[in-house]
Amino acid sequence: MKLGIGIGWRPEIADAVEALPGIDWVEAVAENLCADHLPASLARLRERGVTVVPHGVSLGLGGADRPDPGRLADLAARAALLGTPLVTEHIAFVRAGGPRTASPVLEAGHLLPVPRTWAALDVLCENVRIAQDSLPVPLALENIAALISWPDEELTEGQFLAELVERTGVRLLIDVANLHINHVNRGEDPARALDELPVEAIAYVHVAGGIERDGVWHDTHAHPVTAPVLGILAELRSRVTPPGVLLERDDDFPPAAELAGELDAIRATLDAGRGEVRPASSVAARPGSPAATARADGDGGRAPHGDTAAVTEQTTEAVRDAEAAPEQTTDAVGEAAVPNRMTDVAREAAVPGRDGQADADAARDRVAVAQASLLSALVAGTPAPEGFDHRRLGIQSRALAAKRADVVAKVAPELPEILGQAYRGEFLAYARTRPMAAGYRRDALDFAEQLLIAGRPGEDDVRRRLTYWWQDRAAPRPPRRATRLARAARSVLVGR
């Protein structure tokens, strides 16, 4: 399946995307599309023969729970509506808590990294199989960027991806910008990841921009693509000809001419490597890579792989509000020998046996506790789990709160209009100990309600306008005095 050169379709740049020359395909955030009709711009693109791929951001396939059937059905409906050849999602978790941990469900509003452990891999693989069975077209999964590292990881990123593909036959969406980000933030070698992952399983490639502050790279999708990212694209191109390459932009959209210039730079990078692609079997494998281990074992390589916004992945304001740490972390997985093929114990755990279901549920429970502890520290102010870099957790926590403020301002633009310059500070103070639990629109209502309960804003006119806004969207009248007092008492208890 050849896709060619594409760009992420967003409503803000819909006209520019339609006018850009040489666009073979586009990608649209699945959750921002209606299930029964397309925006006029996407409909026109499809009529021109431009492929549209839905890109999901909310399944949370790396989470401890099995995928939600409703979310899978929604993604399948978008795929059918678009007549797409595939759908894509992320190797990430986006929520935690619930019955497995006897705690409230917490929403991250962001893509968070899965621990690269055998237990997390087992959970991810089962979730991927469930998703594959529910979708009408093949699924490809994207590697994500991260500010934080899990302690005691057992696999490198390349090994983790290779095992995922081997077990499930899922295809890969490789984001070369995320490989660069993980190099800066976690000390991981992009070339090693490319050596270790099965490049023949790549469905397409993402290229995006970001910004570095004091040694921390932020995945903004709101800045130009940098030379190091294009360099990793060239590295990948030397190993394989990717079926498709797509430019992502989610915020601070530049003029169409600048987008065209970035697409030209991508084309030039790919053209420079034309005719120089090394066959996958001839790529010089680094010591300890899966390919090297396979050759040492005498099997010649891996088994064949199957063929099987209001929401964005980051925002500019998150960068402005997240204080960057001056030092880099040093807890990335080192170059030491990590098991490259599945150990006998791990392979037995992946195959259901007499106690297979009990083992699978136990793995899910362990992953659930770990993810809930981390997310609670990030969005609810609870103590940081053992082994994490506290400074990096602080950066991630502030970035998540800033992103919530940005998205709430988009889905409820009346709030920053009513509150003026006080909006951002008030929202960040609210978000510090009040996690999002039911989406951004509910978050906007809860934020306004908390302000009214606390008697803010101080100006009568502003508070009156906020009250009317809340009434129009939440209830026929504001909460009664007894309800307000009960909620205020509860908020004090939760904030302790």
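Predicted model: local features only at pLDDT ≥ 70, side-chain atom pairs only at ≥ 80, totals over all residues.

In which helix do Arg 192 and Glu 196 both lie, and how many residues apart are they? Both are in helix α7, which covers residues 190-196, and they are 4 residues apart, about one turn of the helix. Within it, Arg 192 and Glu 196 form a salt bridge, with 2.9 Å between the closest N and O atoms. The structure holds 27 salt bridges, and this pair is one of them.

Let me turn to a pair of helices. Two packed helices are described by the angle between their axes and by the distance between those axes. Helix α6, residues 176-186, and helix α8, residues 227-237, have axes that come within 8 Å and cross at roughly 115°. The crossing of α6 and α8 is right-handed. On the α6 side, the contact is made by Val 176, Ala 177, Leu 179 and His 180. Helix α8 contributes Pro 228, Val 229, Ile 232, Leu 233 and Leu 236. By class, the contact of α6 with α8 has 8 nonpolar residues, 1 polar residue and no charged ones.

Next, a cavity. The second largest cavity holds about 130 Å³ of space. Which helix gives the most to its lining? That is helix α5, residues 157-168, with 3 residues. Among the lining residues are Glu 157, Phe 160 and Leu 161, together with Arg 116, Asn 143, Glu 153 and Arg 186. The lining of this cavity divides into 6 nonpolar, 1 polar and 4 charged residues.

Finally, two details of the backbone. Most residues other than glycine have a negative phi, and most peptide bonds are trans. Ala 102, however, has a positive phi, near 50°. Ala 102 is found in the loop between strand β5, residues 93-98, and strand β6, residues 103-112. The peptide bond from Arg 456 to Pro 457 is cis, with omega near -5°. Pro 457 is found in the loop between α17, residues 440-453, and α18, residues 460-474.

Thank you for your attention.

Conventions. Residues numbered from 1 in each chain as written. Heavy atoms only, no water. Axes fitted to C-alpha atoms, helices over the stretch in contact; angles between N-to-C directions. Helix = DSSP H or I, 4+ residues; strand = E, 2+ residues; numbered from the N terminus. Left-handed = near helix turned anticlockwise from the far one by under 90°. Contact = heavy atoms within 4.5 Å. Nonpolar A, V, L, I, M, F, W, Y, C, P; charged D, E, K, R; others polar. 1 Å grid on protein atoms, 1.4 Å probe; cavity = no way out; pocket = protein on both sides within 12 Å on 5 of 7 lines; lining within 4 Å. Points joined across faces, edges and corners; volume = space filled by probe spheres on them. Salt bridge = Lys/Arg side-chain N within 4 Å of Asp/Glu carboxyl O.
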